[in-house]
Amino acid sequence: MNKQHDTIRPIVWQDDHLELLDQRILPAEYKFISYHDVRDVADAIRDMVVRGAPAIGITAAYGIVLAARNRFAKQGDNWLAAIQEDFDTLAASRPTAVNLFWAIERMKKVCQEIDGNPEPRLLQEAHAILEEDIAANHKMGELGASLIEQGSGVLTHCNAGALATGGYGTALGVIRSAYAQGKITEVHADETRPWMQGSRLTAWELIKDGIPVTLNTDGAAAWLMKQGKVQWVIVGSDRIAANGDVANKIGTYNLAVLAKYHGVKFMVAAPTSTIDMSVASGDHIPIETRDSNEILNLGGRRLAAEGGSAWNPVFDVTPASLVTAIVTEKGVVELQDNNELRKLMLN
Ligand code: MRU
């Protein structure tokens, strides 16, 4: 595993509890919060202490460990019936990232097989989910980097980095690997309104890991492409439908349209836990809409004109036809053929 540019771990199991790096206050403060109760873990996901599709899934898995411990302590052998409520609490935290539901299902299956105290076996599974995610990111890094030509500039959106995963990142994993190989000349990052995952998180983690990054406003992307400064847009995903449509942070669809117009290639890096073969196309992916105050206010103070309203969908869907390549840990899919993803998932 390439250890270069890889120092950040936002989700840590510490002795008997979960610790999450508080991503709401980065980069001003670097602070972990401790969790002992699954309801608090669900709140942490909803409130964006932890965010990014794979990171949400991993966090939910550890949340189930805490839930099982508490249920077993209170309800003894009836813990399995009682814990269903906790699965529902976690599942209700955020709707779009399918990794959340994938992780809950995987932990549920393990629950069915347990006899006696569930905590050790569930903790082992949560650790496995975390470690597999990091390994998948390194594999995607390698595969994605192999597609990038020497001397390329890249543009990324939101934060699909170490902070959004167990570590190393999906889109930023590809960027880390390609940068380590000397292929990338410039990394550009969209600020990513309204949560500023680009300027707060992507910039922080790339700088921390020694990769220079240039920020631009979301609205500058077309002009950046027009200057010939980027050859690839590289993003992550929250859910990929069976036909290759890609849900990701609001604004990703804009970039894909712009990339097509300017002849820039468009890469989506995502583990297979992000692929949802149960939804035929992006039309069926639930898109989270968050509080309009996230747009109307800035830093807790009203920014927008009083009396106005705001629409705050936080994801959009990029049609498969605009995607050059989907990079997963199992291989690269180029979407000329509708059955490509199906073949990959059956491997
Ligand atoms: O609202 P967020 O910050 O959870 O949105 C995150 C994204 O859209 C990421 O790009 C996506 O989850 C891929 S993360 C590897």
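This is a predicted model: local features need pLDDT of at least 70, side-chain atom pairs count only at pLDDT 80 or more; totals for chains, interfaces and linings use all residues.
Where is Pro27 found? Pro27 sits in the loop between β2 (17-21) and β3 (32-35). The bond from Leu26 to Pro27 is cis, with omega near 0 degrees.

Pro194 belongs to the loop between β5 (184-190) and α8 (197-208). Please keep Arg193 and Pro194 in mind, as both come back with the cavities.

Staying with the backbone, most residues other than glycine have a negative phi. Asp15 has a positive one, near 55 degrees, and is not a glycine. Asp15 is in the loop between β1 (11-14) and β2. Met48 also has a positive phi, about 75 degrees, and is not a glycine either. Met48 is placed in the loop between α1 and α2.

Are these two residues buried or exposed? Asp15 has a relative accessible area of 67%, and the cut-off for exposed is over 50%, so Asp15 is exposed. Met48 has a relative accessible area of 2%, and buried means under 20%, so Met48 is buried.

Now the overall layout. The protein is divided into domain 1, residues 11-135, and domain 2, residues 140-346. Their contact takes 28 residues from domain 1 and 28 residues from domain 2. Between the C-alpha centres of the two domains there are 25 Å. The area buried between domain 1 and domain 2 is about 2,300 Å², and carbon and sulfur atoms give 57% of it. On the domain 1 side, Arg51, Thr96 and Val98 lose the most area to domain 2. Together these three account for 26% of what that side buries.

Rolling a probe the size of a water molecule over the atoms shows where empty space is left. How many cavities of 30 Å³ or more does a search of the whole structure find? The search finds 2.

The largest cavity holds about 190 Å³ of space. Its lining is made of 25 residues, and those nearest the centre are Arg51, Gly52, Ala53, Asn159 and Asp238. So what kind of residues form this lining? By class, there are 12 nonpolar, 9 polar and 4 charged residues. Two elements, α2 (53-75) and β9 (246-249), each supply at least two residues of the lining. Of the elements, α2 gives the most, with 3 residues. Both domains take part: the lining draws at least three residues from each of domain 1 and domain 2. Arg51, then, is listed both among the residues nearest the centre of this cavity and among those in domain 1 that lose the most area to domain 2.

The second largest cavity has a volume of about 30 Å³. Its lining consists of Arg193, Pro194, Trp195, Gln197, Lys249, Ile250 and Val314.

Val38 is in helix α1, residues 38-46. Its relative accessibility is 5%, which is under the 20% cut-off, so Val38 counts as buried. Leaving aside residues up to four places away in sequence, Val38 touches Gly63, Leu66, Ala67, Asp86 and Leu90. Met225 is 187 residues from Val38 along the chain, and their C-alpha atoms are separated by 44 Å.

The other valine is Val154, in strand β4, residues 152-156. Val154 has a relative accessible area of 0%, and therefore it is buried. Which residues does Val154 touch, not counting residues up to four places away in sequence? They are Ile175, Ile184, Glu186, Val187, His188, Val230, Trp232 and Ile234. As for distance, Val154 and Gly182 are 28 residues apart in sequence and 13 Å apart in space, C-alpha to C-alpha.

Methods
Residues are numbered from 1 along each chain as its sequence is written. Side-chain values use heavy atoms; hydrogens and water are left out. On a 1 Å grid over the protein atoms alone, a cavity is a set of points where a 1.4 Å probe fits but cannot get out, and a pocket is an open set with protein on both sides within 12 Å along at least five of seven lines; lining residues have an atom within 4 Å of a point. Grid points are joined across faces, edges and corners, and a volume is the space filled by probe spheres set on the points. Helices (H or I, at least four residues) and strands (E, at least two) are DSSP runs, numbered from the N terminus. Ala, Val, Leu, Ile, Met, Phe, Trp, Tyr, Cys and Pro count as nonpolar, Asp, Glu, Lys and Arg as charged, and the others, Gly among them, as polar. Domain bounds come from an automatic or database domain assignment. Buried means under 20% relative accessible area, exposed over 50%, partly exposed in between (1.4 Å probe, protein chains only). Contact means heavy atoms within 4.5 Å. Buried area is the accessible area (1.4 Å probe) that two parts lose on being put together, summed over both.
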